[in-house]
Structure formats: structure tokens, C-alpha cells
Amino acid sequence: MFTGVAGFHPTIGTQLLEYALSSGTPRRPGRLRTRVLAGLTTLILPLTALVGLGASPAQAAEQATASYTRTQDWGSGFEGKWTVKNTGTTTLNGWTLEWDFPSGTKVTSAWDADVTNAGDHWTAKNKSWAGGLAPGATVSFGFNGTGSGSPAGCKLNGGSCDGTTTPGDTPPTAPGTPTASAITDTSAKLSWGAASDDKGVKNYDVLRDGAKVATVTTTSYTDSSLKAGTDYSYTVQARDTADQTGPVSGAVKVRTTGGGTDPGNPGTGGDKIKLGYFTEWGVYDRNYHVKNLESSGSAGKITHINYSFGNVTGGKCVMGDSYAATDKAYTADQSVDGVADTWDQPLRGNFNQLRKLKAKHPGLKVLWSFGGWTWSGGFGDAAKNPTAFAQSCKALVEDPRWADVFDGIDIDWEYPNACGLSCDTSGPAALKNLASALRTTFGKDYLVTAAITADGSAGGKIDAADYAGASQSFDWYNVMTYDFFGAWDAQGPTAPHSPLTSYNGIPKAGFNSADAIAKLKAQGVPAGKLLLGIGFYGRGWTGVTQDAPGGTASGPAPGKYEQGIEDYKVLKTSCPATGTVAGTAYAHCGTQWWSYDTPSTIKSKMAWAKSQNLGGAFAWEFSGDTSNGELVTAMSDGLK
């Protein structure tokens with residue numbers, strides 16, 4: 001069976017398995033298994049001080065109560081939940097809850113609130129987007145913990161938890177979304193609507209790509225330290241006379257004039273696209289973070305990053321793992337810019353790290369990829385109402401918390417009108433209709449791309465959908481020219497999983513890069529909209545005695561995360577290449593037989609891509625590369 005970008009066929013849900021196995025204790029198990037409600041005890045605590053973000057301990061709050069529930073206990077740990085209820089008559093504009101745990105009881109992870117501690121004293125603060133609470137309304141946050149203790153000493157900003165005090169100072173509202181004018185090669189003028197505050201607004205922080213560049217007392221600012229032909233994103237945040245900061249505004253994107261053509265976009269005369277996938281779950285067991293792109297030197301050698309994956313369900317784009325994406329706190333040594341996350345910042349996790357990476361590399365573009373092998377089953381529902389699907393995707397991509405991070409969207413549908421993990425019967429026009437809706441909804445200022453099959457066989461997956469018609473709406477296709485062969489055929493024959501061309505004895509005609517590209521071109525897809533795929537991993541068998549391809553095997557070779565698959569950074573020393581076939585390296589060591597790309601074969605493939613006038617190349621996925629990014633370097637150098 002032919003597979004695609006997810007790169008973990010044939011095991012179902014391997015991406016999620018790696019994520020689940022990454023910790024010795026369950027993280028947020030209440031979200032992953034059925035809650036056990038019987039026998040739970042609830043500690044009801046009154047809450048005095050639900051106040052604005054950044055309020056001082058002396059400030060009081062609206063009337064409210066807070067209740068604590070130990071929702072699950074699995075022996076070595078537990079899940080707890082706090083629920084805050086507004087018992088007053090006016091809307092609460094933010095809250096901060098404090099409590100003490102006895103020694104030996106602590107929070108190990110939390111969601112839907114920012115939780116920090118000083119020893120056994122714990123503080124939870126509402127997320128910036130979830131501070132408002134209408135009269136009678138409730139809001140909850142949860143956490144995983146260890147130990148057997150219960151919270152005591154409930155406080156809100158230093159007040160006793162009796163729910164009888166009066167409102168205190170509230171933070172300012174969000175300013176209006178900035179507008180840009182007077183854009184030149186090196187400057188742009190920004191203007192925005194004023195924020196409001198009960199005590200008055202003192203000034204505004206202007207943020208460029210998430211980093212503060214100025215503080216002004218007016219509602220306009222001219223940034224004059226820009227580079228020509230470069231994309232920037234601006235937001236604004238108000239500060240009141242009590243020095244409280246409110247939520248950030250919506251984002252405005254600005255591209256300065258000059259600088260030639262748009263680099264990395266096919267058909268503009270710019271450089272070839274050099275793209276790689278960053279996997280959301282890689283921050284767990286793989287211990288691969290956005291900072292690795294910087295420390296390896298890869299960030300300076302690529303033009304685009306695809307962040308994978310968002311989910312597709314219910315006909316909509318939704319978050320994948322929100323903890324990894326937006327909540328995971330990074331220490332200074334883990335962070336791209338060497339600055340640690342704080343408990344009260346509005347965005348953490350991978351998205352914030354990508355924002356910091358873009359600040360270091362202003363020309364770098366990031367797309368949010370949705371679907372993948374595991375989550376492609378949702379595209380069938382999306383195809384029933386493409387407009388609603390596209391609108392849900394744009395709303396998620398443009399969420400004001402991270403709108404400046406993303407420059408577009410990538411659709412990884414495996415496969416339209418064909419079978420992957422599940423079979424789709426949406427019809428040959430479904431992809432074209434979906435692409436058209438995405439382009440109409442996102443407009444010309446966003447990149448809209450797709451990862452597609454490389455099955456070039458007669459009557460294969462390329463023939464099942466209108467890829468030529470859909471290409472009119474997509475900026476380019478990431479053609480998944482890998483995973484042609486692998487140890488899901490446990491007895492072999494051994495064959496390279498990413499052959500560039502056909503060769504004598506290839507197990508199936510049309511299962512190679514050249515045939516796939518040729519078929520797409522013949523159907524009318526422009527060469528400049530096709531990117532050649534490179535796998536930063538190998539596939540292998542065990543029980544093999546034959547050195548050359550075509551040997552028999554007894555099953556898949558062992559791999560760290562899945563049988564039959566291993567990262568290049570491991571294979572280059574554990575089983576060095578012993579030959580090449582069809583433009584791809586292979587290795588026979590002991591009874592194992594592997595195929596994978598090396599810097600040498602990647603450079604040869606890049607030369608072929610240029611000879612075919614392709615738009616560039618992409619890699620699945622960064623964490624398989626060495627710590628000094630030798631495969632990214634080979635891809636980048638080969639496309640010069």
C-alpha cells in the first residue's frame with residue numbers, strides 16, 4: 001500500500017501513540033479516557049477576588065465562588081479541577097486563584113489556565129482569551145498532579161475567599177486592529193483604535209512579529225527599521241495607569257516594498273522553495289523543538305515550514321494538540337531567543353517559538369498543515385460543505401493569539417476519492433471544490449498548498465482526483481515521493497522507499513518520483529507548482545541475506561518508534577549505505593536491509609528537480625536530520 005506525508009504507515013495512529021508514550025505519567029487523562037465520577041468529593045471554597053489581569057494582591061474582586069474536585073486518581077497521580085462561578089451582578093474581567101498544597105503534592109501539568117508555583121503555594125490565572133465571566137456563568141480549568149493532598153488557603157489577590165468584596169481595577173480592553181499606511185522599503189505607519197479602561201489608558205506597546213518594538217502614548221506609530229521586500233505582522237497592547245496590560249489586538253500583515261520578487265514562491269522568479277515539516281508531537285519523546293531548527297542552522301537554509309498537524313473533524317479545521325501548540329512553557333535554554341516563557345504571557349508552546357524563529361528570520365514563512373495519515377478521514381465531511389470548512393480553517397489560522405505566526409494553510413488529504421487509512425468516496429471533483437473554497441476564503445495574501453499522492457501507476461491515486469483543476473487554486477503541491485515500498489510487505493521484496501526513477505526489478509510500475517511528476521505534468525499541473533519530497537528517514541526489513549534490492553525478508557527491521565522505520569541520524573552510523581539504486585541509497589548490515597537518502601543522493605535529486613523546472617523540494621520531517629542539519633543543507637545547496 002502507498003502512503004504519504006505522515007510517514008508512519010502502516011501502524012494506525014502512530015503519531016498519537018508516540019505522543020501518548022512520551023511521559024511516564026498520563027497527561028490530561030480525563031481528555032483521553034472515560035471520567036470516573038462516582039465517589040468523588042468536592043471542596044467548595046468561596047472566592048473573593050476575581051480581578052483584572054495583572055492586578056495587585058491588595059485589590060478586591062467581584063463576588064464569586066470556586067469549587068475544587070479531584071476528578072480522577074490513578075494511584076501515582078490524579079486529575080484535579082477548579083470551577084469558578086460568578087455570583088455577582090456584573091461581568092468579571094479576569095481572575096487569579098491561589099491555594100496551598102501540602103508538601104509532596106504538586107501540579108505537573110495544567111490546561112485552560114496558567115498555573116505557577118513558589119514552593120507549595122500555587123497560583124492559577126485565567127488565559128487572556130477566557131477572562132470574561134458573565135453573572136451566573138462558570139469557568140473551569142484542570143490539572144494533573146502527584147501526591148494525595150487537597151488544596152487549602154484559597155485566596156484571590158490576597159483577599160479571603162468569602163465572595164463579599166467589591167470590584168477592583170480591571171485591565172484595559174484590546175485596542176482596535178492596526179491599519180498600515182505609508183509603506184516604503186524600510187518603514188510603515190500603523191494606526192489603531194483606542195482601548196478603554198476604567199482608570200485610563202497610559203500607553204500602548206507595539207509588537208512586531210510578537211516582540212515589542214516601541215511604547216507610545218498615541219494611537220499611531222511609524223516603524224522605520226524594516227527590510228525591503230519583507231513580511232511583518234503587527235499587534236498592539238494597551239497599558240493602564242496601574243500598569244496592567246490588556247489583551248493584544250488583532251494582527252495586521254505588512255510587506256515592505258522593494259527587495260525584488262517574493263522569495264520561495266513558484267513563478268515569481270525567486271529562489272526555489274525549500275520546505276520542511278515540523279511535527280507537533282516531536283516535542284515529546286523525540287525532544288525536537290523549534291529551537292533545534294535554529295541551533296542546527298536549518299532555519300537559515302529553508303524558506304517555509306509546515307506545522308503538522310491540525311485535525312479535520314466535523315467538517316472543520318480544529319486544533320491538534322493544544323498543549324504542545326500554545327501552552328507548553330519553555331525555559332530560557334529551550335527557547336529560540338534564550339528568553340523563558342512567563343506564566344502570564346498570552347501565548348506559549350510551539351506557536352510562540354515559531355513566532356520567535358520568524359523574528360530571527362524575517363523571510364521565513366510558516367503554514368499550518370491539516371490532516372495527515374491519521375486525521376484525513378475528516379475531509380469527507382469537509383468536502384460536503386467546502387465553504388464552511390474553509391471558513392472554519394481561516395478563523396482558526398487567524399485567531400488573534402497567533403495570527404501573525406501563520407502565512408498560509410496546507411491540506412494533507414490522504415487521499416481524495418481513494419483509500420488511505422480510510423477510503424474516501426467524495427468523487428474526483430472534491431479536491432478541486434475544496435481548493436477553490438480555500439482560495440476564495442483565504443484570498444491572495446495567504447499561501448494555500450496541498451500534500452498529494454505520488455502514485456503514478458496506471459489507474460492509481462493520481463488518476464482518482466482532478467489534481468490539475470485543483471492546482472489552479474493551490475500555490476503548489478508537496479508531492480509525497482517516498483513510502484513507495486516498505487516492510488508492510490513483511491517478506492519483501494526489499495526495495496528503496498523513495499526511488500527517483502524506475503529500475504529493473506522494481507516491485508510496481510509507476511511507484512517512483514519521475515513517473516509521478518511526469519503524470520502530474522501530463523494532466524496539466526504546472527512544473528513550478530510541484531515540489532519533490534524527501535524522507536529524512538529510512539525503511540527496512542530484517543532476515544535479509546541479499547545485498548542488492550529484491551531480496552526476501554522475514555519481517556520489518558526494528559525501529560525506535562515503529563518497526564520498519566528509523567531516522568536518518570541513526571541509520572547513518574548504525575547501518576551505513578552500501579550502494580545506490582534509482583537515485584536512493586540502500587544499506588545491508590547483518591540481516592537488516594534499509595533504504596534512505598543521504599546528502600549525496602539528495603543533491604542528485606535536487607539537480608533532477610531543477611532539470612524538471614520544479615518549484616523546489618520539501619522534507620518529511622526535520623527531527624530525522626542530524627544535529628547540524630546535514631540533510632537540510634544538502635537540499636538547500638542542491639537547489640541553488
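Which residues does Pro428 touch, not counting residues up to four places away in sequence?

Reply: Leaving out residues up to four places away in sequence, Pro428 touches Asn417, Ala464, Ala465 and Asp466, where contact means heavy atoms within 4.5 Å. This is a predicted model, in which local features need a pLDDT of at least 70 and side-chain atom pairs count only at pLDDT 80 or more, while totals for chains, interfaces and linings use all residues. Residues are numbered from 1 along each chain as its sequence is written, and side-chain values use heavy atoms, with hydrogens and water left out.

Pro428 belongs to the loop between β24 and α8; helices (H or I, at least four residues) and strands (E, at least two) are DSSP runs, numbered from the N terminus. Pro428 is partly exposed because its relative accessible area is 48%, given that buried means under 20%, exposed over 50% and partly exposed in between, with a 1.4 Å probe and protein chains only. Although Pro428 and Ala464 are 36 residues apart along the chain, their C-alpha atoms are separated by 5.9 Å. Asn417, one of the residues that Pro428 touches, lies in the loop between β24 (408-412) and α8 (430-442). Asn417 is not a glycine, yet its phi is positive, at about 55 degrees, and its relative accessibility of 25% makes it partly exposed.

Ala582 also has a positive phi of about 55 degrees without being a glycine. Ala582 is placed in the loop between β31 (579-581) and β32 (584-589) and counts as buried because its relative accessible area is 14%. Another loop residue is Ser187, between β13 (179-181) and β14 (188-191); at 14% relative accessibility, Ser187 counts as buried. The side chains of Ser187 and Thr184 are joined by a polar contact of 2.8 Å, that is, a pair of N or O atoms within 3.5 Å, of which, within protein, one must be able to donate a hydrogen and the other to accept it, while residues adjacent in sequence count only if both atoms are side-chain atoms. Beyond its neighbours within four places in sequence, Ser187 is in contact with Ala182, Thr222, Asp223, Ser224 and Leu226.

As for backbone geometry elsewhere, the peptide bond between Ser308 and Phe309 is cis, with omega at about -5 degrees, and Phe309 has its place in strand β21 (residues 304-313). A cis peptide bond also leads from Trp620 to Glu621, with omega near -15 degrees; Glu621 is in the loop between β34 and α13 (630-638).

Trp620 brings us to the aromatic rings. The structure holds 38 aromatic pairs, counted when ring centres of Phe, Tyr and Trp (its six-membered ring) lie within 6.5 Å, with planes under 30 degrees apart called stacked, over 60 edge-to-face and the rest tilted. Tyr277 and Trp620 form a tilted pair, 5.2 Å from centre to centre with 55 degrees between the planes. Since Tyr277 lies in strand β20 (residues 273-279) and Trp620 in strand β34 (residues 616-620), the pair ties together parts that are 343 residues apart in sequence. Both Tyr277 and Trp620 are buried.

Strand β27 (residues 530-535) has six of its six residues buried, so it is largely enclosed by the rest of the structure. On one side of β27 the buried residues are Leu530, Leu532 and Ile534, and on the other Leu531, Gly533 and Gly535, so that both faces are covered. Strand β26 (residues 477-479) pairs with β27 in the parallel sense over three bridges, pairing being assigned if DSSP finds at least two bridges between two strands. In this arrangement Val479 stands opposite Leu532 of β27.

For the chain as a whole, there are 13 helices and 34 strands, and 57% of the 640 residues count as buried. The average pLDDT is 85, and 86% of the residues score at least 70, on the predictor's confidence scale for each residue from 0 to 100. Over residues 1-62 the pLDDT is below 50, though this stretch has 221 contacts in the model beyond near neighbours in sequence. Over residues 164-168 the pLDDT is also below 50, and this stretch has 15 such contacts.
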